Amino acid sequence: MGEPILATRELTRDFNAFRAVDHVSITVNAGSMTGLIGPNGAGKTTLFNAIVGSLKPTSGSVFLDGSDITGLAPEQLFSKGLARTFQIPRPFARMSVLENVMLAPLAQAGERLLGPFLSRGAARRQEREIRERAMEVLDFMTLARLADHPAGKISGGQMKLLELARVLMGDPKVILLDEPAAGVNPTLAGTLIEKIEELNRRGKTFLIIEHDMDFIMRHCNPIIALSEGKVVFEGTAEQAQSNPVLLDAYLGARADG
Amino acid sequence: MTGIISYLVFFTTMASILAIATLGLNLQWGNTGLFNGGVAAFFGAGAYGTLLLGGTSQEDHLGGFELPYVVALAGGMAAAGILAWVVGVLTLRMRRDYLAISTFGMAIVFENVMRNAEWLSGGAKGLRGFERPLRDALGDGFAYNAAFLAVVLVLLFATYRFLQVLVRSPFGRLLRAIREDETAARSLGKSPARVRLTAFVTGSVIMGLAGGLYATFYAFVSPQDVLPTLTFQIWAMLIVGGAGNNRGAVFGAFLIWAAWTASGWLLSRFAPVDAQIYTGSIQYVLIGLVIVGMLLWRPQGLLPERLVISQSGQAPS
């Protein structure tokens, strides 16, 4: 396992009197596929949102590759190499699948108002390169034949593949996935996890939030468990399976919820 | 015969000017999803700006700088752009419905200022005494109107080409992404605020161009030219033609302007005399019915937005 690449230190987030995330310190090592589990209401999504900049932490810090990224906006984080997908997919519905993917690269010459006119040659060259890379990524994600379809008309599982394809265009260091398997049919879920594991072998770091304990047990290592806003377990899948505290906290709370 | 031709020239000139304004709204609403309820104000800023800068000097109000026509027209566009920048900075963070309300209110303010600030705009009497460019060479007759139409058509075509290249470029892709889902666009490293403002100002400058041409054509502008009716007309043109499709915007402008003038003519010709004083109001109701009907039965418009796909995605040359 590599060096720490993403870490939170004493991260806390309150909603009025309610402390959703309570002094959470976790570390994600480069090249790992770290799983974050916890019952409903454990604070997974709040922690996720505080890391990706959708929510400002009440206190504590977040570090990416050694630099402090606490409180940065989502658009700043993507350019620093931290990407995320959404639990409920957010495709650009009335745009083609290919356009969805071609949007993502940063610093496109043609993205400025007069870019297409003033630096026409450069913008075109870049556009051609982006198009080629986008088709490669779509091909990898098994979406190439849907390139010209409106992104709003593909299946939910395909939308999840598309979201992963989009963030790959930015060549991020760390990808945070919010319940990647939720609501996806088994075949596409299989494809999705196969692609995630392939990317992980190629060196991408993943932090995966999942409600589904089996999914995390099978695919993630290490595993971090949250309950009532606190880290209650950190370790391997084997340790998790035999950890009574974790099983009690997780299954107990789930039965209540 | 000459009468018909000169009417057609008049009709095409007006329709083309309104088509330019509709193209500006299409950039804002069709491509970026910005609900501009104050089209009339940006059109008006262009119209007043052009006449103030290019007109002959007047005793009772500001203006009459007698600048060369091209400078005056560019100044009118700049006035619309500056107004849009100020309004945009203040309102573009709002949700779609609130943006519509606040821009609509801003246009009412604009109209009232023009109606009352006599030192600036000549008040309710409007701005007169504008010397149309090249009048000495072309006279006031048919030749002038035909030449003016040619200029308007060239500008309409230039605006259309500019926007076609723009919406198929990465900039256009960015606008559509922000229209579709701002949160997702931000998660991919895009900054919506700056892009929304750019699109809003650019669209308003195009409306300002339309306003400048309109004022030149009549050599006159008054508060009656910047009433909310104009905003609704332009919206009807875009919705009927097809939001998100530049060809649709131009087509819609011609269609609605034809329907507008035809309904005015029919009402004045065949409606009972008692009803004729209500012609304007009846037209107002008709334009509302067209908008609502279209939104109910064919919200995508007659020429719907077309997907940018891989084969034709390259910026057209």
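Modeller: Happy to! Let's start with A:Asn16, which sits in the loop of chain A between strand E1 (4–15) and strand E2 (18–24). Helices (H or I, at least four residues) and strands (E, at least two) are DSSP runs, numbered from the N terminus. This is a predicted model, in which local features need pLDDT of at least 70 and side-chain atom pairs count only at pLDDT 80 or more, while totals for chains, interfaces and linings use all residues. Residues are numbered from 1 along each chain as its sequence is written, and chains are lettered from A and ligands numbered from 1 in the order in which they are written.

Colleague: What is the phi of A:Asn16?

Modeller: A:Asn16 has a positive phi of about 50 degrees, although it is not a glycine. Most residues other than glycine have a negative phi, and most peptide bonds are trans.

Colleague: Which peptide bond is cis, then?

Modeller: The bond from A:Asn221 to A:Pro222 is cis, with omega near 0 degrees. A:Pro222 is in the loop between helix H8 (213–219) and E10 of chain A.

Colleague: What sheet are they in, and in what order do its strands run?

Modeller: It is an open sheet of 6 strands in chain A, ordered E7-E8-E9-E4-E10-E11, with mixed pairing. Strand E7 (82–84) and strand E11 (230–235) are the edges, each pairing on one side only. On average, neighbouring strands are turned by 20 degrees against each other, direction ignored.

Colleague: Parallel or antiparallel for E8(A) and E9(A)?

Modeller: Parallel: E8 (residues 174–178) and E9 (residues 205–209) of chain A pair over 5 bridges. Across that pair, A:Leu176 is opposite A:Leu207.

Colleague: Which helix lies across the sheet strands?

Modeller: Helix H1 (residues 44–52) of chain A does, lying across strand E4 (33–37), E7, E8, E9 and strand E10 (223–227). H1(A) runs at about 145 degrees to E8(A). Axes here are lines fitted to C-alpha atoms, for helices over the stretch in contact, and angles run from 0 to 180 degrees between N-to-C directions.

Colleague: Changing topic: how many residues of chain A are in contact with chain B?

Modeller: 32 residues of chain A are in contact with 27 residues of chain B. Two residues are in contact if their C-beta atoms, placed from the backbone, lie within 7 Å. On the chain A side, helix H2 (74–80), helix H3 (97–103), helix H4 (115–118) and helix H5 (120–140) each supply at least two residues. That side has 15 nonpolar, 6 polar and 11 charged residues. For these classes, Ala, Val, Leu, Ile, Met, Phe, Trp, Tyr, Cys and Pro are nonpolar, Asp, Glu, Lys and Arg are charged, and the others, Gly among them, are polar.

Colleague: What about chain B? How do H11(B) and H12(B) cross?

Modeller: The axes of helix H11 (residues 228–241) and helix H12 (residues 246–270) of chain B come within 7 Å and cross at roughly 125 degrees. That makes H11(B) oblique to H12(B): under 35 degrees is roughly parallel, over 145 roughly antiparallel, 65 to 115 roughly perpendicular, and the rest oblique. The crossing is right-handed, meaning that the near helix is turned clockwise from the far one, whereas in a left-handed one it is turned anticlockwise by less than a right angle. By class, this contact has 10 nonpolar, 4 polar and no charged residues.

Colleague: And H1(B) with H12(B), left-handed or right-handed?

Modeller: Right-handed. The axes of helix H1 (residues 2–31) of chain B and H12(B) come within 8 Å and cross at roughly 135 degrees, and the two are therefore oblique to each other. Among the residues making the contact are B:Phe11 and B:Leu18 of H1(B) and B:Phe254 and B:Trp257 of H12(B). Its residues divide into 11 nonpolar, 5 polar and no charged.

Colleague: One last pair: at what angle do H12(B) and H14(B) pack?

Modeller: About 140 degrees, with the axes of H12(B) and helix H14 (residues 279–297) of chain B 10 Å apart. This crossing is right-handed. Here B:Trp260 is one of the H12(B) residues that meet H14(B), and the contact has 4 nonpolar, 5 polar and no charged residues.

Terms used:
Two strands pair if DSSP finds at least two bridges between them.
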